[in-house]
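Trainee: I have a structure to read and would like to go through it step by step. Where do we begin?

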Amino acid sequence: MKLKRLSMHNFMPYKGDAVLEFPQDESRNTLIVFGDNMRGKTSLLNAIRWTFYGYAYGRHLRKISLHLLLNREAVNEGARKMETRIEFEANGSQYDLRRVATMKNLVAKPERPEDIQVDIHMKKDGAAIPGNEIDDEINQFAPEQVSRFFLFDGELLQEYEELLIEGSEHGKEIKKEIEKVLGVPALTNGGLHIKTILKQAQNQQSTEASKIKGLEATAERHQRWLTKRESFENDLVKLRSLLDDARNSRLALDDELEKVEKIYSQKSKLDSCRSRCREIEAEIKQKTSERQQLVGQVWRDLLEPRLIAKQESLFQEQQRLMDLNRERNRIQLRTEQARQYLTNQVCPTCGQSLEAGKREAKEMELEQLRLQLLGLDVDDSRLTDITVQIKALSKVIGHGVGETLSVVDKDLARLEHDLTKIENQTEELEKELIGSDTDAIMKMRSRRDVVFKEEARLNLEVEDRKNKIDEADREIRILSQQMQPDDSHRNARGTQMVGICEKLHASFLRGIERLSEASLQTVESHASKAFKAMSTQTAYQGLRINENYGLTILDQNGHEVLLRSAGAEQIVALSLIAGLSHAGRPAGPVVMDTPFGRLDTKHRKNILGYLPNSASQLILFVHDGEIRGSDDLNVLAHRIGGQYEIKEISPTHSVLERR
Amino acid sequence: MSMYTSEDLNKFSLSERVHAKLKRLQEEEHFPEMRDAYRFGIALGLSRGIVPPEIGSPKSAGIYSISQIDPDQSIALAINLLMDTENLPPYRWAERLAEWGIEELSRESEKGQIDFSKLLAEAKENAKDI
Amino acid sequence: MIDTTKDMALEALLDAAREEAPDLPTELIKAIYQIEKTHQFSHEDKTAIDALQKLIDEELSNFQRGAQ
């Protein structure tokens, strides 16, 4: 398949007419379209997608509602029609595919999909193809189920990382998509169709046997099991439908909750802040009350320094007076002793007689003592007063509360500071949450949990029905054998039909297993080659594939490289795409939208050098940050067959300009 | 030993002007009760060794009894020990100190919440100098 | 680019049929596969099922005629 031209009229930002011509030369098979973010790159991918399949994707693979695809400016100016057209070549024929969306009569401005009528027209070599055959025709060369591998949105690269997560839902879905590429559906469908025919044959066998004497009872049991199996199968269909609904519902809720996760977490923070505010306010109230009590007592602390100084001075004075007192007592004692000595002529201490010569000395000593005593100024009442004052002071000093008050003041300052901080946080959170319905979020979480439980229950029910169907199959086979006691019975048409269908069914089931194994090896081999061509790590051996088509990098010793950068993930994903391109669908173009976001310069160059070889046409939608002008383009220069730039006229109007 | 003499006053009072300031100190919740502010005013004056002037006129009627302000006579003791009251009885001295002290507190309160830590620190410093 | 889809799936099927249905003619397997290949992305099953039924009926008739 080879694309020739894409024409758009009033599609998304492309007001009026816009045309993209695809390169036709195989040696120059690369087209690059440059455009900044939000200008219309993804809209080009959507134009192709919408033309082929009738839908367009927004972020996170959500379908964009039909009425939102019409260019707003054009509608405001009275336009009523949107159209996209792809001219291409496939299997030796020329195709012209047009999809037209027209506003219905009486609709002034489309507000819902129902306001628009969509028509599709396809010509093959000039001859119109009937409407009901167009989808089948498209699926011959651009099967919708595998379109994600050739209409490739770079934002979805991280999906492929899911393949490494065992049992992840996304991984299982992608695995299914990959198996479609590899032709597994031909065998899977074959198995299912053969089974349908087998069931009919089994019914026929049952009917035939019921008419044969001796086999009526067996035939009846056989028929009962056939009926049971049908009932289980009907149940299974219903349960799977319910399970899909539940899963979709849960995924939608998960998406919504992811969006509002931030709100939920902010609400929790807000509740926590408010609670903390209340706690702090209570603490402040308690501390303030404590402070007030202390303030009533703190006057004593004001006096204390001077009172302590006074007390110290009184102690010194007391000591001095007591020293004087002691001195006086000593002198008085000596005076008395001297007097006694003089009076009694005998020393009162040792009892010796007073000698004549020593009398005069003693009298002089007495006189000196008398003079000393006179010189001593001992104020006994003062000493008493001081003692009383010291005692009174000791009752007053030491009852201050100053230090405690200081601690309480510091605590209050800290609490006030904390309170201000928390109040500011609370105010900010409240502003951020204006308009958010946090109760609704809580209810959504509850609903999600309910749906999740329901999903688990339905999964169990599905497994149960599968087991019952398997059991029914076994019983039916056994009874079928019992209805063939001899050749004449074996030759009955129904029985023979059953025999053929059972063998065919077994062949298809076994074939699916074989194909999966072979596909894995082929994809691994091609993906490895692509990886080695694109990676800058020349020592790496290549890639290894797991049964979910997840790829791991093998280093030079064949060991798994566990820690991969974002850039490495992108290359692994691109290698998988390249591997699938070689192992899968018929040769055709690959359209890639912003695939290079996380890559460094070296990897960009390697990839740009390799990719043109991996498809019949390579169409790249990039912004300037992904491919840097002449630097990267030099690698591609010899393969470039055309360049365009998307220019913005207004936020709702872009144009394509050929460079 | 009682500090109270018969020449001393029976009730503490203030000038009407300062009495109004005392009320405001309590209303603005600087002190839990007005008598707490009254006591603090006396103590503030004592800590700074102020020689207080006579109370201005007009005077309000007696506001507090002695026992309401100085039940354990520690204020009287402090005045007798720390001040030369020029023979003025201690509670008359205290009354004048209160008049001065409350004016001072009123000035402090104009800056916002009274910083008791600062006043206590100043009292410590003053004690070294006096 | 090589389109290896047809070969891989058919080869896998023929390989499996050699084990599971050695007495069924290879042409029947190939014919059935071709029908499935043509309709593998179709949204309805009836066309394919009817075609398969016809093939199998023919095969059965041939077999019964041969047996007679």
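This is a predicted model: local features need pLDDT of at least 70, side-chain atom pairs count only at pLDDT 80 or more; totals for chains, interfaces and linings use all residues.

Trainee: Is strand E1 of chain A largely enclosed or largely open?
Mentor: Strand E1 of chain A covers residues 2–11. A residue counts as buried under 20% relative accessible area. Seven of the ten residues of E1(A) are buried, so the strand is largely enclosed by the rest of the structure.

Trainee: Which residue in E4(A) stands opposite Met8(A)?
Mentor: E1(A) runs antiparallel to strand E4 of chain A, residues 81–90, and seven bridges join the two. Met8(A) has its opposite residue in E4(A), and that residue is Thr84(A).

Trainee: What is the bridge partner of Leu6(A) in E2(A)?
Mentor: Strand E2 of chain A, residues 14–21, is joined to E1(A) by six bridges, and the two run antiparallel. Within E2(A), Leu6(A) is partnered by Leu20(A).

Trainee: Which residue takes a positive phi in the hairpin of E1(A) and E2(A)?
Mentor: This hairpin has two residues between the strands. The phi in question is near 50°, and the residue that takes it is Met12(A).

Trainee: Is Asn10(A) buried or exposed?
Mentor: Asn10(A) lies in strand E1 of chain A. Its phi is positive, near 55°, although the residue is not glycine. The cut-off for burial is under 20% relative accessible area. Asn10(A) has 5% relative accessibility, so it counts as buried.

Trainee: And is Asn91(A) buried or exposed?
Mentor: Asn91(A) is in the loop between E4 and strand E5 (93–103) of chain A. Phi of Asn91(A) is also positive, near 50°, in a residue other than glycine. Exposed means over 50%. With 66% relative accessibility, Asn91(A) counts as exposed.

Trainee: How many aromatic pairs does the structure hold, and how is the pair of Phe88(A) and Tyr95(A) arranged?
Mentor: Over all chains there are 13 aromatic pairs. Phe88(A) and Tyr95(A) form one of them, with 5.0 Å centre to centre and 5° between the planes. Planes under 30 degrees apart count as stacked. The pair of Phe88(A) and Tyr95(A) is therefore stacked.

Trainee: Are Phe88(A) and Tyr95(A) buried or exposed?
Mentor: Ring pairs link both residues into a cluster that also includes Phe52(A), Tyr53(A), Tyr55(A) and Tyr57(A). Phe88(A) and Tyr95(A) are both buried.

Trainee: How many residues apart in sequence are the parts tied together by Tyr38(B) and Tyr64(B)?
Mentor: These two rings form an edge-to-face pair, 5.5 Å centre to centre with 70° between the planes. Both Tyr38(B) and Tyr64(B) are buried. Tyr38(B) lies in helix H2 (residues 34–47) of chain B and Tyr64(B) in strand E2 (residues 64–65) of chain B, so the parts tied together are 26 residues apart.

Trainee: Which residue has its charged end over the ring of Phe452(A)?
Mentor: Chain A has another such placement, with Lys228(A) over the face of Trp225(A), 4.2 Å from the ring centre. For Phe452(A), the charged end is 5.0 Å from the ring centre and belongs to Arg448(A).

Trainee: What percentage of the residues in chain C is buried?
Mentor: Chain C has three helices and zero strands. Its accessible surface is about 3,800 Å², with 50% belonging to carbon and sulfur atoms. Of the 68 residues in chain C, the buried share is 46%.

Terms used: Residues are numbered from 1 along each chain as its sequence is written. Chains are lettered from A and ligands numbered from 1 in the order in which they are written. Side-chain values use heavy atoms; hydrogens and water are left out. Buried means under 20% relative accessible area, exposed over 50%, partly exposed in between (1.4 Å probe, protein chains only). Helices (H or I, at least four residues) and strands (E, at least two) are DSSP runs, numbered from the N terminus. Two strands pair if DSSP finds at least two bridges between them. Rings of Phe, Tyr and Trp (its six-membered ring) pair if their centres lie within 6.5 Å; planes under 30 degrees apart count as stacked, over 60 as edge-to-face and the rest as tilted. A charge sits over a ring if NZ of Lys or CZ of Arg is within 6 Å of the ring centre and within 35 degrees of the ring normal. Accessible areas come from the Shrake-Rupley method with a 1.4 Å probe; for residues, only the protein chains shown count as cover.
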